[in-house]
Amino acid sequence: MNRLFSNPIALGITCALIAAFFFTLNDVGIKFLSGDYPLHEVVLIRAVVALSITLAIFMPLEGGYRNMRTKRLGMHMVRGVFVVMANLLFFLGLASIPLSEATAIFFISPVIITVFSVIFLGETVGKWRWFAVGAGLLGAIIMLRPNPASFQIASLLPMFAAVCYATLHILSRKMGGTESASTLSFYIQLTFVLVSGAMGLTFHEGTAANSDNVTVQFLLRAWVMPTPFDFTVMAGVGVASAVGGYFISQAYRTSEAALVAPFEYVGLLLAIIWGITIFGEWPDLIAWFGMALILSSGLLMLWRESVQKKRERTRDKGLHRLQ
């Protein structure tokens, strides 16, 4: 265990896997609630629960409430805006398209993160990773179904969410040297509370939801008092959001963005499982093909990373013997 925590690569990968599991639970809960409650209500309750857990558990674990102090408040707010947009766009997509397909399209984000890591962080990406980027983009295009007869506008929402999510984690990487994971999580959840609270005050009567479009209704319908069971689901979504948010912040804070991103693909496999077992959503052949390409792109990045690390270790051993 001590070796895990002393190795930033192993720590980053482990945190990404834990986060992916809890984020898929969060998505299942949101999709389950999307037919009866407005998105701003679900997100507000989720954020209040997640913020409470962050303050009660994660922040004390990392040194206490002094972590709430920051000299990079502006960057936190920008990061918060991107994570709010990523969540809102993805959850709105869930109201109209199957969980597995929305997740597959969203998982173009590791590809975007790889591109952004080169542009904004100066990280090095070889030809095999660029090949994986191309495969991932092709898979996303297939999932979007650019045929007028089958294309859905809602399919673009997870794609836009992926761009916002990629930007979020590039910012996490840039801030990781000065901010703890609990600090990053705290300001994200605080932004959720402020934005969803403002939306609730503005749209709580539901007068703006005069549309047959399920996505518009999910965004703007009137506030509804939750049943005890549904409130429990909302609270559970808050727990999943808090745990997932903390561990994904830890992952991108401690490890290279291009290394961590492919390990989030376990969330795609889990989304397929939850979609089939809970919602009865079986992907069609086109969806399976697109998901396979996106998943393959992530696994190719992972394989190339392991090959590169082995070469570096061999080279370092050779240099050590020469000395």
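**Helix packing and the cavity**

Reader: Is the crossing in which H6 passes H8 left-handed or right-handed?
Author: This is a predicted model, in which local features need pLDDT of at least 70, side-chain atom pairs count only at pLDDT 80 or more, and totals for chains, interfaces and linings use all residues. Residues are numbered from 1 along each chain as its sequence is written, and side-chain values use heavy atoms, leaving out hydrogens and water. For H6 passing H8, the crossing is right-handed.

Reader: How are H6 and H8 oriented to each other?
Author: Their axes (lines fitted to C-alpha atoms over the stretch in contact, with angles from 0 to 180 degrees between N-to-C directions) come within 9 Å and cross at roughly 45°. Angles under 35 degrees count as roughly parallel, over 145 as roughly antiparallel, 65 to 115 as roughly perpendicular, and the rest as oblique. H6 is therefore, relative to H8, oblique.

Reader: Which residues of H2 and H4 make their contact?
Author: The axes of H2 and H4 come within 9 Å, crossing at roughly 55°, and the two helices are therefore oblique. With contact meaning heavy atoms within 4.5 Å, H2 gives Asn26, Asp27, Ile30 and Lys31, and H4 gives Phe90, Phe91 and Leu94.

Reader: What is the make-up, by class, of the contact of H4 with H9?
Author: H4 and H9 pack at about 60° with their axes 8 Å apart, and H4 passes H9 in a right-handed crossing. The meeting residues include Leu73, Val84 and Asn87 in H4, and Tyr187, Phe192 and Met199 in H9. Counting Ala, Val, Leu, Ile, Met, Phe, Trp, Tyr, Cys and Pro as nonpolar, Asp, Glu, Lys and Arg as charged, and the others, Gly among them, as polar, the contact has 12 nonpolar, five polar and one charged residues.

Reader: Which residues are the closest to the centre of the largest cavity?
Author: There is one cavity of 30 Å³ or more, a cavity being a set of points on a 1 Å grid over the protein atoms alone where a 1.4 Å probe fits but cannot get out. About 390 Å³ of space lies in the largest cavity, a volume being the space filled by probe spheres set on grid points joined across faces, edges and corners. Of the 25 lining residues (an atom within 4 Å of a point), the closest to the centre are Phe23, Asp27, Asn87, Phe106 and Tyr165.

Notes. 1 Å grid on protein atoms, 1.4 Å probe; cavity = no way out; pocket = protein on both sides within 12 Å on 5 of 7 lines; lining within 4 Å. Helix = DSSP H or I, 4+ residues; strand = E, 2+ residues; numbered from the N terminus. Left-handed = near helix turned anticlockwise from the far one by under 90°.
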